Amino acid sequence: MRGVYKYTIPETRKELDGWRAQAEKIPNEELRNQALASLRDKQFHCEGGTVYALPDLPNRHILIPLIVSYQTISDYLDNLCDRSTSMDPNDFRLLHQSMLDAVDPEATPVNYYALREEQDDGGYLRNLVTSCQELTRQLPGYASAKPQIQDLAGLYTDLQVYKHIKPELRETALLEWWSEHRHRTPQFRWNEFAAATGSTLGVFMLFLAASDDQLTEEQAASIHTAYFPHVCALHIMLDYLIDQDEDRIGGDLNFCNYYENVETMLDRIAFIVEMARSDVQKIPGSAFHRMIIEGLLAIYLSDPKVSEQQEVRVVSKRLMKNSPMTRVFFFIFSRWIRKHM
């Protein structure tokens with residue numbers, strides 16, 4: 001925690017201030033509003049993501065800007081698609097091509113807005129993409145990590161396309177997509193697979209791994225397996241867990257709504273927790289990864305949204321029961337931070 005508050009949070013906020021200054025100059029009002037809203041409302045995504053710079057602080061000058069740039073693309077596009085003036089899947093896919101280009105240093109940026117009315121962002125999205133590309137070139141092990149990162153980025157892009165199309169088409173599209181990939185996660189239901197594809201944590205871990213010039217393709221593949229699907233699914237299922245009321249009001253898709261009852265939802269999340277713990281034991285630095293898992297549980301379950309939703313409160317209490325001390329520490333600390341920062 002000392003590292004977080006001495007290094008990652010201050011440097012993350014400095015990076016975000018730079019992107020905010022660019023976002024304020026976006027000529028198109030809608031694009032400007034969505035860019036600024038994502039930076040304002042989703043800052044904690046970047047602050048959480050840059051924890052992955054902690055194990056390699058000497059390279060944080062690469063890892064923190066890279067994680068912030070990549071997560072900012074994700075948050076900005078999520079806002080654009082959630083409150084979109086378009087319902088065109090081709091538009092959503094072209095927008096998210098930016099995330100695929102961002103993790104490919106050889107890719108040439110294109111006009112990602114070509115299929116929508118709003119066009120002029122003053123170079124904001126292109127600058128985010130080229131920032132990622134320039135930073136990935138500085139990671140000595142990136143060539144070994146790149147195929148695994150591209151796999152996760154591709155799955156993320158697919159999800160964002162299917163979850164933002166017309167509400168009456170979403171579930172069918174997601175089920176068809178899952179049928180193509182279900183062999184990868186036979187232990188998962190379709191909503192859990194979809195949740196796993198929506199996390200950027202696996203990409204961040206692979207960015208960290210790529211700072212090692214000795215990284216092999218086999219090691220990168222083992223990291224991918226350790227994070228996808230269980231750690232990634234836990235991240236997003238907890239996010240959806242606390243957002244159920246908010247998504248219901250906004251008419252947004254929520255993967256926690258596809259369980260038969262609260263008991264089943266609790267059992268499935270508990271299963272994902274145990275599988276995630278087991279998976280990270282198989283890669284180096286398992287103590288750090290266990291900290292990530294306990295931190296995820298604590299940060300989400302201590303969110304004020306939990307106390308406002310009776311069913312979520314029940315699930316939270318059950319998941320916190322008999323918690324290890326690490327989780328209890330993060331739970332108490334997260335509540336304190338929300339009051340004092």
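Me: Is Ser211 buried or exposed?
Reply: This is a predicted model, in which local features need pLDDT of at least 70, side-chain atom pairs count only at pLDDT 80 or more, and totals for chains, interfaces and linings use all residues. Residues are numbered from 1 along each chain as its sequence is written, and side-chain values use heavy atoms, with hydrogens and water left out. Buried means under 20% relative accessible area, exposed over 50%, and partly exposed in between (1.4 Å probe, protein chains only). Because its relative accessibility is 12%, Ser211 counts as buried.

Me: Which backbone oxygen does the side chain of Ser211 reach?
Reply: Ser211 is found in the loop between α10 (201-209) and α11 (217-227); helices (H or I, at least four residues) and strands (E, at least two) are DSSP runs, numbered from the N terminus. A polar contact is a pair of N or O atoms within 3.5 Å; within protein, one must be able to donate a hydrogen and the other to accept it, and residues adjacent in sequence count only if both atoms are side-chain atoms. At 2.6 Å, the side chain of Ser211 reaches the backbone oxygen of Leu208.

Me: Which residues does Ser211 touch, not counting residues up to four places away in sequence?
Reply: Contact means heavy atoms within 4.5 Å. With residues up to four places away in sequence not counted, Ser211 touches Asp56, Asn59, Leu139 and Pro140.

Me: How many disulfides does the structure hold?
Reply: A disulfide is a pair of cysteine sulfur atoms within 2.5 Å. The structure holds 0 disulfides. Cys81 is in none, as the nearest cysteine sulfur, that of Cys132, is 17 Å away. For Cys232, also in no disulfide, the nearest cysteine sulfur belongs to Cys256, at 16 Å.

Me: Why is the pair of Tyr162 and Trp177 tilted?
Reply: The structure holds 12 aromatic pairs; rings of Phe, Tyr and Trp (its six-membered ring) pair if their centres lie within 6.5 Å, and planes under 30 degrees apart count as stacked, over 60 as edge-to-face and the rest as tilted. The ring centres of Tyr162 and Trp177 are 5.7 Å apart, and the pair is tilted because the planes stand at 50°.

Me: Which parts of the chain does the pair of Phe193 and Phe228 tie together?
Reply: This aromatic pair is edge-to-face, with 6.4 Å centre to centre and 80° between the planes. Phe193 lies in helix α9 (residues 190-197) and Phe228 in the loop between α11 and α12 (230-242), so the pair ties together parts that are 35 residues apart in sequence. Both Phe193 and Phe228 are buried.

Me: What arc do the buried residues of α8 cover around the axis?
Reply: In α8, the buried residues are Arg170, Ala173, Leu174, Trp177, Trp178 and His181. They lie on the same side of α8 because their arc around the axis, that of the directions from the helix axis to the C-beta atoms, is only 135°.

Me: Which helices do the buried residues of α2 pack against?
Reply: The buried residues of α2 are Leu31, Gln34, Ala35, Ala37, Ser38 and Leu39. At the start of α2, a side-chain oxygen of Asn28 reaches to within 3.1 Å of the backbone nitrogen of Glu30. The buried residues of α2 pack against α1 (2-23), α3 (43-49), α4 (60-82) and α6 (124-136).
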